[in-house]
Amino acid sequence: MGPGLGRPKRGENELMRYLLNQLKNPIVFLLAACCILLFFAFVFQTARSNPNLITLPKSPPNYLALRTPEDVLKLSFDNLVQDKEDLESWKEELRIKVTSLLRLELNPPVPDYVMLSSVRKEGYDLIHIQYERIPGYILVPHDVNYPVPGVLILAGHGHGAGTLIGEQEEVLYADGQVDIGQYLAQEGYVVLVPELDTLGSRATDLASGIHTGTHARYGTLLSMLGYSSLGIQAQEALTSAELLKSLDWVRDLPIGVIGLSTGSHLSFIVAALDPEIKVAHSASGVLSTIHLQEWLTTPEYIHDQIPGLLEWADQPDVAGLISPRPFLMTYGNQEGKPFSIEAKRKYSYNYIKAIYEMDQAEGNLVFKTHEGGHQYSKEIVKDFLDEYLR
Ligand SMILES: [Zn+2]
């Protein structure tokens with residue numbers, strides 16, 4: 001340490017000594033004590049009038065037990081399915097319920113698309129398209145014998161489709177989904193990346209943070225109209241699946257759907273409802289609301305959920321509808337809550353595993369963790385698709 005560094009200057013010492021001396025005067029002492037008491041009284045009163053300022057306990061109470069009807073999860077696997085004879089009727093009933101909660105039209109018609117541009121890239125052609133209200137990209141690999149299997153990739157929050165195809169930098173969120181479309185096209189898959197409603201370029205104010213921007217406000221407005229953001233996005237994803245199945249580069253071969261984060265939520269919903277999707281991958285991922293109620297305090301739980309779901313089932317029930325088809329679940333050991341908790345405690349995986357076991361298809365449910373954060377593990381995705389989709 002250099003000379004004089006870290007020591008109070010002479011003037012500061014004298015000031016401190018002067019103030020301490022003043023406190024020896026009983027009137028000054030009394031005034032100072034009153035000021036401190038008034039300060040704490042003000043903080044306490046403000047916290048009482050604004051509950052947001054009161055810190056939530058580390059182990060929150062069971063929120064579902066508060067003012068909720070007793071018969072929640074009325075259509076859950078745990079509550080309804082005793083043996084294999086019940087399984088198919090349970091799946092059908094829950095599919096109908098989820099379709100109704102999200103106000104979806106299943107088996108939508110194949111949309112017409114217009115080609116906006118086509119650019120030759122290293123190993124694939126990048127085709128910019130538009131269908132209905134949805135902009136998107138088709139990535140068509142070079143040097144393969146068509147048709148080849150198709151992969152529908154659903155973006156999570158962030159800069160959307162542009163980042164998934166390696167054409168745009170991700171600055172809002174970590175680079176968990178960057179280049180995944182480009183990577184899979186170079187590995188020989190025909191890839192479709194739609195830009196879903198209110199995400200990526202269809203969010204008007206990304207810079208202000210997507211969970212608090214128009215994306216979230218639009219979600220709130222939709223819920224007041226009896227619709228949901230997730231429902232609109234799921235409908236667009238179902239339409240996108242129809243388009244991918246119909247492409248000449250893919251025709252008659254199977255398709256898969258993958259997604260990260262909110263894209264992962266959408267990917268298991270779409271695969272659960274469209275039996276023609278042969279494989280699905282949810283990267284960070286399926287979340288058990290029942291076991292992870294502390295997450296109910298975060299904004300995603302308001303505008304990015306299936307409205308009314310818990311009356312009937314939890315997220316792992318919906319993902320379980322994919323059984324017996326191949327389903328890959330991944331989580332990062334380094335990512336934040338609640339995903340890292342699923343990585344360690346496997347609440348959702350263990351629940352879904354029971355469904356696959358009843359279907360005698362345990363080998364088709366793949367659970368992997370990786371040493372990354374909130375992101376894909378590209379190698380794990382490629383190995384899974386090569387094994388189950390080719
Ligand atoms: Zn959101």
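Tutor: Before we look at how one helix lies across several strands, take the terms: helices (H or I, at least four residues) and strands (E, at least two) are DSSP runs, numbered from the N terminus. This is a predicted model, in which local features need pLDDT of at least 70 and side-chain atom pairs count only at pLDDT 80 or more, while totals for chains, interfaces and linings use all residues. Residues are numbered from 1 along each chain as its sequence is written.

Student: Which strands does helix α14 lie across, and how does α14 run relative to β7?

Tutor: Helix α14, residues 378-388, lies across β4 (150-154), β6, β7, β8 (327-332) and β9, and runs at about 165 degrees to β7. Contact here requires C-beta atoms, placed from the backbone, to lie within 7 Å, and such an angle is taken from 0 to 180 degrees between N-to-C directions, along axes fitted to C-alpha atoms, for helices over the stretch in contact.

Student: What makes β1 and β9 the edge strands?

Tutor: The open sheet of nine strands has the order β1-β2-β3-β5-β4-β6-β7-β8-β9, with mixed pairing. Strands β1 (113-121) and β9 (365-370) each pair on one side only, and they are the edge strands. From one strand to the next, the twist of the sheet averages 20 degrees.

Student: How do you know that β6 and β7 pair?

Tutor: Two strands pair if DSSP finds at least two bridges between them. Strand β6 (residues 255-260) is joined to strand β7 (residues 277-283) by six bridges, and so counts as paired with β7; the two strands run parallel. One of the positions to look at is G259, whose bridge partner in β7 is S282.

Student: How many bridges tie β3 to β2, and how many tie β3 to β5?

Tutor: Eight bridges join strand β2 (residues 124-131) to β3, and the two run antiparallel, with P141 in β3 as the bridge partner of Y124. Four bridges join β3 to strand β5 (residues 190-194), again in antiparallel fashion, and there G136 stands opposite P194 in β5. In the hairpin of β2 and β3, which has two residues between the strands, E132 takes a positive phi near 45 degrees.

Student: Why is β3 described as largely enclosed by the rest of the structure?

Tutor: A residue is buried if 20 or more other C-beta atoms lie within 10 Å of its own, exposed if 12 or fewer, and partly exposed in between. Seven of the eight residues of strand β3 (residues 134-141) are buried, and therefore β3 is largely enclosed.

Student: Why is L260 called buried, whereas Q360 is called exposed?

Tutor: L260, which has its place in strand β6, has 29 C-beta neighbours inside 10 Å and therefore counts as buried. Leaving aside neighbours within four places in sequence, the contacts of L260 include G156, G176, A283 and Y376. Q360 lies in the loop between α13 (347-358) and β9, and has 11 other C-beta atoms within 10 Å, so Q360 is exposed. Q360 also has a positive phi of about 50 degrees although it is not a glycine.

Student: What makes D179 partly exposed?

Tutor: D179, found in the loop between α5 (161-164) and α6 (180-186), has 17 C-beta neighbours inside 10 Å, which falls between the two cut-offs and therefore counts as partly exposed.

Student: Why are α4 and α9 called oblique to each other?

Tutor: Helix α4 (residues 84-101) and helix α9 (residues 262-273) pack at an angle of about 125 degrees, with their axes 10 Å apart. Angles under 35 degrees count as roughly parallel, over 145 as roughly antiparallel, 65 to 115 as roughly perpendicular and the rest as oblique; α4 and α9 are therefore oblique. In their contact, R95, V98 and T99 of α4 meet I269, A272 and L273 of α9.

Key
Two residues are in contact if their C-beta atoms, placed from the backbone, lie within 7 Å.
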